[in-house]
Amino acid sequence: MTNDGVLEYADTGLLSPGWADTDVGELLDDRAWVRAMVEVEVALARAQARCGMIPAESARVIATAADAGRIDLRALVAGVRTTANPVVALVAQLTAAVAALDTGAADHVHCGSTSQDILDSAMMLLCARTLRRVLDDLRRAAGAAAGLADRYRGTPMAGRTLTQHAVPITFGLKATTWLQLLLDAIDRVRRVLDGGLPAALGGAAGTLAAYQEYANGAGADGSIELAAAFAAELGLAEPLVPWHGARTPIADVAAALCVATGALGKIAADVQVLTRNEIGEVAEATAAGRGASSAMPQKRNPVYATMIATAARQVPPYALVLYQSMIVEDERSAGGWHAEWQPLREALRLTAGAARNAVELLAGLTVFPERMRANLALTAGAVVSERLTVALAPALGRRAAKELLAQATRQSGTTGRDLADLLTESARAAGHQLDRDHLRELIRPETYLGAAEALVERALRRYRAASTVR
């Protein structure tokens, strides 16, 4: 608390590495919520004035008095304890501020509204602002992933399944997987932004009755027209019907946040594996102190990947609360609506932080092709045993070829002997002749990359097409 009694916002990210120091704190802190609620009250007054429900001068005075910086946060917090939401106390303070300028205009503050109209609309404003930032960072991350996919489209590395070497792939193809996920996330975030964030206007129980009554009293346009004007003032979608008890907009946001952090979490998981000392195929960008350990001076921890991973693990549980809050009783719920606020804020923060960290991770990623080639050689050719099974099947039969390869690869791994020599000798013992030189050519990992480069190009075409859409 400051000396003048105003609450300071204390949640600075100290224990939230998923969004710490990514400039997301002020976007969603308590003061941001207050500013959004005040903005909604002003938008409501302006929309009502436009529809002829209140005098234009009243809307002007309300806008003049609506200084979120003068709102006493301590009193709002006390009000939450009293009324279970911050809007009641906010309206009291705003009304007093308006009355100090014009007592008549004070009668038009929060005119016909209910707390949920104000807070839900404020939530949608904050979602829109945060998701626009997330979308921008996802696009930047996709640009970095596309650059990696293009640059390393032909760079061979070991593909890994269930933690083990499987078949050769290219690093470009791995980056293409990242790109595909980022583009999927971009699509879903953009879809929510393009019409999925409605203003909330329903009145006490979703009938718009009080709004209609004020309109009737003023001989003005009705409440349906007010909903359109109100949404336009806020830059949000016009609601078809009040959604106090139909929480699809919140669920849509939760889904987009889960897809986004899931995509980013996959990238982080891959980077964490590839940066292990014993693998060493990529490394995060270096900077003074980044990745340092308090105890082990030699360490260079993958901090961006770690911060993304912690965010990606936390968002789904928060989203689960948001999904559960769809199951609410009556026209307005006791507890379901209230349960949304903090999980939504945390999920937005974590996603915005993860997206910003992903930009830094991918833009600064260092790739080591020579280490990838060295790791490919660790299994002495066994990484292409799938190919050899296909190649040897016509001569030996598929089952016999598979058994021969299983035996030869085990022996090669144990003794270090050349796989082509072992296969030739084993086949000869079984009465078959194999071309040793041809086998050695088949064993070269860089010649068994399938359609990797063509697949990279397909993804890059999608990226280029998506880059023209805003």
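This report walks through the domains, helices, cores and a few backbone details of a predicted model.

## Domains and the hairpin

Let's begin with the overall layout. The chain splits into domain 1, made of residues 116-153, 169-207 and 238-368, and domain 2, which covers 379-447. Between the C-alpha centres of domain 1 and domain 2 the distance is 46 Å.

Strand E1 (residues 156-161) pairs with strand E2 (residues 164-170) in the antiparallel sense, and five bridges join them. Ala158 has Pro168 of E2 as its bridge partner. Two residues sit between the strands of this hairpin, where Leu162 adopts a positive phi near 50°.

Helix H2 runs over residues 30-50, which makes 21 residues. From its first C-alpha to its last, H2 reaches 30 Å, close to the 30 Å expected at 1.5 Å a residue. Of its 21 residues, 15 are buried, so H2 is largely enclosed by the rest of the structure. Have a look at both ends of this helix, too. At the start of H2, a side-chain oxygen of Asp29 comes to within 3.1 Å of the backbone nitrogen of Arg31. Just after H2, Gly52 has a positive phi of about 80°.

H13 has 23 residues and spans 33 Å between its first and last C-alpha, close to the 33 Å expected at 1.5 Å a residue. Since 19 of these 23 residues are buried, H13 is largely enclosed by the rest of the structure.

In soluble globular proteins, nonpolar side chains tend to be buried together. Here the largest nonpolar core holds 129 residues, and Leu138, Phe171 and Leu197 are the ones that touch the most other members. Helix H7 (residues 115-151) gives the most to this core, contributing 20 residues. Apart from it lies another core, of 20 residues, including Ala158, Leu392, Leu442 and Ile443. Ala158 is also the residue whose bridge partner in E2 is Pro168.

Which residues does Leu197 touch, leaving aside those up to four places away in sequence? They are Met124, Cys127, Ala128, Leu131, Val192, Leu236, Ala237 and Val253.

## Pro198 in the H8-H9 loop

Pro198 belongs to the loop between H8 and H9. Is Pro198 buried or exposed? Its relative accessible area is 10%, and because buried means under 20%, Pro198 counts as buried. Not counting residues up to four places away in sequence, Pro198 touches Met124, Leu236, Ala237, Pro239, Trp243 and Pro249.

Leu208 lies in the loop between helix H8 (171-193) and helix H9 (209-218). Its phi is near 65°, a positive value in a residue other than glycine. Leu208 is buried, with a relative accessible area of 8%.

Asp21 is found in the segment before helix H1 (25-28). Asp21 is not a glycine either, but it has a positive phi of about 60°. In contrast to buried Leu208, Asp21 is exposed, with a relative accessible area of 75%.

Methods
Residues are numbered from 1 along each chain as its sequence is written. This is a predicted model: local features need pLDDT of at least 70, side-chain atom pairs count only at pLDDT 80 or more; totals for chains, interfaces and linings use all residues. Side-chain values use heavy atoms; hydrogens and water are left out. Two strands pair if DSSP finds at least two bridges between them. Helices (H or I, at least four residues) and strands (E, at least two) are DSSP runs, numbered from the N terminus. Domain bounds come from an automatic or database domain assignment. Buried means under 20% relative accessible area, exposed over 50%, partly exposed in between (1.4 Å probe, protein chains only). The expected span of a helix is 1.5 Å times one less than its number of residues. A nonpolar core is a set of buried Ala, Val, Leu, Ile, Met, Phe, Trp, Tyr and Cys residues joined through side-chain atoms within 4.5 Å. Contact means heavy atoms within 4.5 Å. A polar contact is a pair of N or O atoms within 3.5 Å; within protein, one must be able to donate a hydrogen and the other to accept it, and residues adjacent in sequence count only if both atoms are side-chain atoms.
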